[in-house]
2 protein chains.
Amino acid sequence: MTNPPLSRKRATGRCTLSDVARLAGVSAITASRALRGIRGVDAELADRVRAAAKQLNYVPDPAAQALASARSNNVAVLIPLLTNALFVELLEAVQRKLMPAGFQTLIGVTHYHPDEEEALLQSYLAHRPAGLLVTGLDRNESARNMIAESGVPCVHLMETTVAAGMYSVGLSQHDAARTLTEHLLAQGRRRIAYVAGQLDPRVLQRRSGYEAALRQAGCYDASLEILDPTPTSMALGGRLFERVLKAHPDVDAIFFCNDDLAQGGLLAALRMKVAVPGQVAIVGFNDLAGSDQMLPPLTTIRTPRAEIGTQAASMLLALIRGETVATPTVDVGFELVVRQSA
Amino acid sequence: MTNPPLSRKRATGRCTLSDVARLAGVSAITASRALRGIRGVDAELADRVRAAAKQLNYVPDPAAQALASARSNNVAVLIPLLTNALFVELLEAVQRKLMPAGFQTLIGVTHYHPDEEEALLQSYLAHRPAGLLVTGLDRNESARNMIAESGVPCVHLMETTVAAGMYSVGLSQHDAARTLTEHLLAQGRRRIAYVAGQLDPRVLQRRSGYEAALRQAGCYDASLEILDPTPTSMALGGRLFERVLKAHPDVDAIFFCNDDLAQGGLLAALRMKVAVPGQVAIVGFNDLAGSDQMLPPLTTIRTPRAEIGTQAASMLLALIRGETVATPTVDVGFELVVRQSA
DNA sequence: CTGAAAGCGCTTACAG
DNA sequence: CTGAAAGCGCTTACAG
């Protein structure tokens, strides 16, 4: 008893839609419709199909679905970095919203590199994603065109100003930084440094909010801006803190562009026995994990990234369904969190 | 001049392999072979095909490729958490290795939930991934069977002990913890607490290494083990530090199962004016960002997660190619980093 | 409400 | 070394 020749067959062995249809005693198309919950299938037949699918442990082949329907259940999400807790929390919120809706996320990390972003975009777009979530508005023309020409619904994360026909969920980095700087001014600080790493567009928007507040108060001094292109870290914050105090002993406050820098600055102050906020007030940005544990606890801006993720995902879902989105630009705001460092 | 009726057509408008083949003046199969770099295509034809593809900006349809070949260029990676920097660094290393080899990573976050892991596994396996990377060895039978039955090459991350026919890259959590505990003993510490959150298998393996060292020294005391199921964080570390000192004022060292807890403990000590290491020595585990910035800098175990990612990805690549892997279990080791907290 | 036919864009298995 | 045919597992577009 030899097996029949299989050379001609290419079946993969997995259970297919026709298997389900056969077991349910209907055609493949009816099974497909029943499983997709398309109205207009006899209720009893639909039940039989679902039961058959369950019994056979049927899982549809995503590749076949994508090929036949020219759509997929993927949503591509492009973020700059995974090593910044901000984006991780954003991502988690996005997934919590998208997964129950039946979508899978393809996560792409651009490392703030336009070329990497373009490559990821090309590769992900080839997968016919149902939607696209990208960070910020800064990208080269080629990338912008790829998005536009793909026709894939796209929501921009983190920022608010957007051109016509674009969608975004974020907050005004400028206004938040301005509010924070005004808080320092209200405490009587006048020699306020802006210390930044990882000079991405949002970091520069914060800088401009800082400048606006200081100009209005008449105490803007460009030499107090320390802009370092290195990725942010606690270690960098410590180093920059030392550098600022050495170069400008009269500084009475430091605005770190991100909480990790500020945490490093706070620890350096402790090490150097610089009184905070006595001699120097310190503020951060984003309210990351640990900032409330510092000594003294860090005054900062809380950015609602989970809400950004949730709202952006909802908006994208609406766009995917073809609905009209009434407010294409959602501003989720920010919160000044005053603790003891300033 | 009306357009010809298109109702019958389902073409998606994108440029296909036949377009490339036509432009190059060859058949689709030859074009396919040329583009895939399959030997046995006339060099001149292959050149023409590549030129045509470039000219048309041809990007192959991954869905069609997957359907026709029953394989994809996806590698699914399952990790417990994205909020633990350890896994993020692991992931980055994996991607750095896999992307240049032409593979895309599907990242799944299990949140330490067997059910979530099973659901992700089912969904990812449906995509016929070329390979699978999973964290740890602890999973229910159903998940293990899914992996085995899928026939997809799989490498286990983080741990070393593995059954026959399985592959893994990691380190002995037990031995690392034991080494660290012995360091504390060598400093003359005897009342050493083990403080843990997020009681995953690796945290428990560390506990057993800790216990082994203490038993051998004759000073194991089970009441000094504080096991809290909550996810780890600096805030939790601070709270547990207080709790330990209150309940056991005679404790002379604390082994925190993860650096974020230890960092929180260190800051709590500063707040409570408990001398470290004078009154209490503190050690962490993993050597995460910021630990070297603490006051005092944290003594800890450096776990080479980037190397785990790189090696696991290489091993997986070999398995995908069908090669025999000589050492199915790679132990990347660990490093005791003695700083000033112990 | 249901189904037979055709097709999505590739690759496999043959044949030459 | 090259190609015509068939097929991967679904869904679309028609027809009834």
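Predicted model: local features only at pLDDT ≥ 70, side-chain atom pairs only at ≥ 80, totals over all residues.

Reader: Which domains is chain A divided into?

Author: Chain A has domain 1 at 17-60, domain 2 made of 73-171 + 306-332, and domain 3 at 173-302.

Reader: How many residues of domain 2 of chain A are in contact with domain 3 of chain A?

Author: On the side of domain 2 of chain A there are 12 residues, in contact with 10 residues of domain 3 of chain A. The centres of domain 2 and domain 3 of chain A, taken over C-alpha atoms, are 30 Å apart.

Reader: And what area do those two bury between them?

Author: Domain 2 and domain 3 of chain A bury about 890 Å² between them, and 52% of that is on carbon and sulfur atoms. Within domain 2 of chain A, the residues that lose the most area to domain 3 of chain A are Tyr112(A), Glu159(A) and Leu171(A), which together make up 49% of what that side buries.

Reader: Which side chain meets Glu159(A) in a salt bridge?

Author: The partner is the side chain of Arg202(A), with an N to O distance of 3.1 Å. Between domain 2 and domain 3 of chain A the count is 2 salt bridges, and 4 residue pairs are found in polar contact across that interface, both residues at pLDDT 80 or more. Helix H5 (residues 85-98) of chain A gives the largest share of the domain 2 side that touches domain 3 of chain A, namely 3 residues.

Reader: Changing topic, how many residues of chain A are in contact with chain B?

Author: There are 44 residues of chain A in contact with 45 residues of chain B. The area buried between chain A and chain B is about 3800 Å², with carbon and sulfur atoms giving 60% of it.

Reader: What about salt bridges between chain A and chain B?

Author: The count between chain A and chain B is 2 salt bridges. Asp61(A) forms a salt bridge with Arg128(B), where the closest N and O atoms are 2.4 Å apart. The count of residue pairs in polar contact between chain A and chain B, both at pLDDT 80 or more, is 8.

Reader: Which elements of chain A each supply at least two residues of the side that touches chain B?

Author: They are helix H4 (62-69), H5, strand E2 (104-109), helix H6 (114-125), helix H10 (234-247) and helix H11 (259-272) of chain A. The largest share, 6 residues, comes from H4(A). The residues of the side of chain A that touches chain B divide into 26 nonpolar, 12 polar and 6 charged.

Reader: Is Ala63(A) buried or exposed, then?

Author: Ala63(A), which is found in helix H4 of chain A, is buried, because its relative accessible area is 11% and the limit is under 20%. Leaving aside neighbours within four places in sequence, Ala63(A) is in contact with Ala63(B), Ala66(B) and Leu67(B).

Reader: One more topic: where is there a cis peptide bond?

Author: A cis peptide bond joins Val276(A) and Pro277(A), with omega about 5°, and Pro277(A) lies in the loop between H11 and strand E9 (281-283) of chain A. The bond from Leu295(A) to Pro296(A) is also cis, with omega near -5°.

Reader: And what is the phi of Asn57(A)?

Author: Asn57(A) has a positive phi of about 60° although it is not a glycine. Asn57(A) lies in the loop between helix H3 (43-56) and H4 of chain A, and at 55% relative accessibility Asn57(A) counts as exposed.

Conventions
Residues numbered from 1 in each chain as written. Chains lettered and ligands numbered in written order. Heavy atoms only, no water. Domains from an automatic or database assignment. Contact = heavy atoms within 4.5 Å. Buried area = accessible area lost by both parts, 1.4 Å probe. Salt bridge = Lys/Arg side-chain N within 4 Å of Asp/Glu carboxyl O. Polar contact = N/O pair within 3.5 Å; in protein donor to acceptor, adjacent residues only side chain to side chain. Helix = DSSP H or I, 4+ residues; strand = E, 2+ residues; numbered from the N terminus. Nonpolar A, V, L, I, M, F, W, Y, C, P; charged D, E, K, R; others polar. Buried < 20%, exposed > 50% of the residue type's maximum accessible area, 1.4 Å probe, protein only.
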